[in-house]
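Please keep the model open beside them as you go.

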Amino acid sequence: MNKTVVPGAKQSPAGNRPEPRLKQRTAFEEVNYHLERAFDRLDTPGPYRGILKNPYREQRVQLVLHRDDGRTEEYEGYRIQHNGARGPYKGGVRYHPSVDVDEVRALSSLMTWKTAIADIPFGGAKGGVCCDPKHLSDRELEALTRAYLNKIDLILGPQRDIPAPDVNTNARIMAWMMDEYGKRHGYTPAIVTGKPIALGGSKGREQATGLGLYHIAKQAAPDNKIKIEGAKVVIQGFGNVGSWAAHFLHQAGAKIIAVADADGAIRNDAGLDIPSLIDYVKEKKSVCGFPEADVMVSSSIFEVPCDILVPAALNGVIGVEVAKKIRARIILEGANNPTTPEADEVLREAGIPVVPDILANAGGVTVSYFEWTQNLTQFFWEEEEVFSKLEKVMTKAYHNVAAIARKEKVDLRLAAFILGVRRVYEAMRLRGV
Ligand code: NAD
C-alpha cells in the first residue's frame, strides 16, 4: 500500500506541548485530497463530493492457481469501477506484488478524471492481481489471467467495462483475456484494448502513452521557456511508457541523460544513445550494464539536474524528501500518482511545474478509445491517422487545462482536476443522478 506521512499536532500526554502526529494517507486518500481542492474551487454540493470520490462498484475475487511444481496457491484480484457517467468503465489491469484494494481504488478514480480531461467517452476503472509475474511461468501466467477474467466476466462488456494493459501486463495477456471472454460471449474484440494488432489491436497503441507524453512536453516546454531540442531529460522507468517517451523525445533532439529501472540506473551527460539502449533492454531486460553510460545509484535519479523529469515507473515515488532534491525545470508524470500531495506542495513552492498524470499520460487510454472504436466498426486505421488524432486530443487537453490554470491562477494539477470534475459532474447532472 502506498502510504505517506502527514505531520499534524496533538497534545502530548505529559502536558500541553504539541508533538508531531503521524497520520497515514493511502493512495486513494491522496487522490481524494486533490479532488477536495477541486470541489472547493467549484463549490461542488456536499452529497456529490462523496458520489464523485467513491467507486460505483468494487469486486474482489479469489484466484486459485495450480503451479507447475504441483503446489496450489491462492491469489487476490480486483476490478473496481469508479464512475461511468461519461461512458463505459475503462482502465488497465496491473500485476504486481503491491496491488491491493486501496491502490486499485486510487487508480480507478484517476481514470475517471483522465478520460474526462481527454474528452473521450469513457468512465474510469482499474484492475489488478496481487502477484509477482516474474516468478510465474508462461503457462501459470496464462492460467492466472484466464481465472481472473472468468471471475470478473459478469461486470465486463464492450459497453460496460473494457480492461487494458498496465504495469506487468501486455498485448499477449490482453489476447488471453479476449479469448477467455469470447468462450462465453462469442467473438468480442472490443472487450479489451491493447491487444496484438493481429487480433484487432490498434496500430500505435504500444507507442501511445510515450508519444502522448511527448506531445504534452512539446506544448508545455515553451510555456516554461524550454526548447525540446537540446533539452536534458531524466526518466525513471524504462518499460512501455518510459522507453517510448525516450524514443520520441530523443527523436526530437532532446538529450536523455539518465534512466533508471527496477534493477538500477545509468547516466551519460552527453546524452544516451536511445535506439541502442532500447535494443539493449529488449535483449537484457534491464538498462543495467549498458556500455556507453556510467552506473549511478537508482535512488539519486531524481537529483540529476535536468530540464524535464519524467517519472514513468510506480506510484508514490516522489515524496517530500525526494521533492526537495529535485533540480528539474518541469516534471511530466508518465506514471500514475507518482507524487504525494505533500511533495506536490514542496514542488509548487520551489516553482517547479508538474504536468499531472491525468493529463500527461492520457495518450494510452486515448488510443485505447481509438482501438475500441475500430473494433466496434471493424474498420481499421493506418498508424498515421492514429498518431495525428492522438496529437489533436493531447494538444487540446493540454491547452484546456493550461487555460484553466491561467484563469484561476492555480497549478496544472488543480486545473486538470477542475476540468475533470466539471465534465463528470455535468454528465451526472444531465443523467439526473
Ligand atoms: P512497464 O511494466 O512496462 O514498465 C515499468 C518500468 O518501471 C520498468 O522499466 C521497471 O523496471 C520500472 N520500475 C519498476 N519499479 C521501479 C523502481 N522501484 N525504480 C525504478 N524503476 C522501476 O509499465 P508501464 O506500462 O510503462 O507503466 C509505467 C507507469 O505508467 C505506471 O504507473 C502505469 O500505471 C503508468 N501508465 C501506463 C500506461 C500504459 O499505456 N502502459 C498508460 C498510462 C499510465
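1. A word on terms: a residue is called buried under 20% relative accessible area, exposed over 50%, and partly exposed in between, using a 1.4 Å probe and protein chains only. Helices (H or I, at least four residues) and strands (E, at least two) are DSSP runs, numbered from the N terminus. This is a predicted model, in which local features need pLDDT of at least 70 and side-chain atom pairs count only at pLDDT 80 or more, while totals for chains, interfaces and linings use all residues. Residues are numbered from 1 along each chain as its sequence is written, and side-chain values use heavy atoms, with hydrogens and water left out.

2. Let me begin with helix α13 (residues 383-408). Its 26 residues reach 37 Å from first C-alpha to last, close to the 38 Å expected at 1.5 Å a residue; the expected span is 1.5 Å times one less than the number of residues. The buried residues of α13 include Val386, Phe387, Leu390, Met394 and Tyr398. Among the elements that cover the buried residues of α13 are α3, α12 (363-377) and α14 (412-431). Just after α13, lysine 409 has a positive phi of about 55°.

3. Next, please look at strand β5 (residues 89-96). Eight of its eight residues are buried, so β5 is largely enclosed by the rest of the structure. Strands count as paired if DSSP finds at least two bridges between them. β5 runs parallel to strand β7 (residues 161-165), with five bridges joining them, and glycine 92 has alanine 164 of β7 as its bridge partner. With strand β6 (residues 124-130), β5 pairs in the parallel sense over four bridges; here tyrosine 95 stands opposite valine 129.

4. β5 and β6 also belong, with helix α3 (residues 101-118), to a right-handed β-α-β unit. Right-handed here means that, with the strands pointing away from the viewer, the path from the first strand over the helix to the second runs clockwise.

5. Now for the open sheet of seven strands, ordered β11-β10-β9-β8-β12-β13-β14, with mixed pairing. Its edge strands, β11 (294-296) and β14 (354-355), each pair on one side only. Within the sheet, β8 (residues 232-236) and β12 (residues 306-311) pair in the parallel sense over four bridges, and valine 234 stands opposite leucine 309 of β12.

6. Which residues come nearest to the ligand? Of the 21 residues around it, they are Arg94, Asp166, Thr209, Ala262 and Asn336, where a residue is near if one of its heavy atoms lies within 4 Å. For polar contacts, the cut-off is a pair of N or O atoms within 3.5 Å; within protein, one must be able to donate a hydrogen and the other to accept it, and residues adjacent in sequence count only if both atoms are side-chain atoms. A ligand oxygen atom is 2.8 Å from an N or O atom in the side chain of arginine 94. A polar backbone atom of phenylalanine 238 is 2.9 Å from an oxygen atom of the ligand, and one of aspartate 261 is 3.5 Å from a ligand nitrogen atom.

7. Phenylalanine 238 turns up again beside serine 243: leaving aside neighbours within four places in sequence, serine 243 is in contact (heavy atoms within 4.5 Å) with Phe238 and Ile278. Serine 243 lies in helix α7 (residues 240-251) and counts as buried because its relative accessibility is 12%.

8. Finally, is aspartate 344 buried or exposed? Aspartate 344, in helix α10 (residues 341-350), is buried, with a relative accessible area of 5%. Not counting residues up to four places away in sequence, aspartate 344 touches His34, Thr339, Val354 and Arg413.
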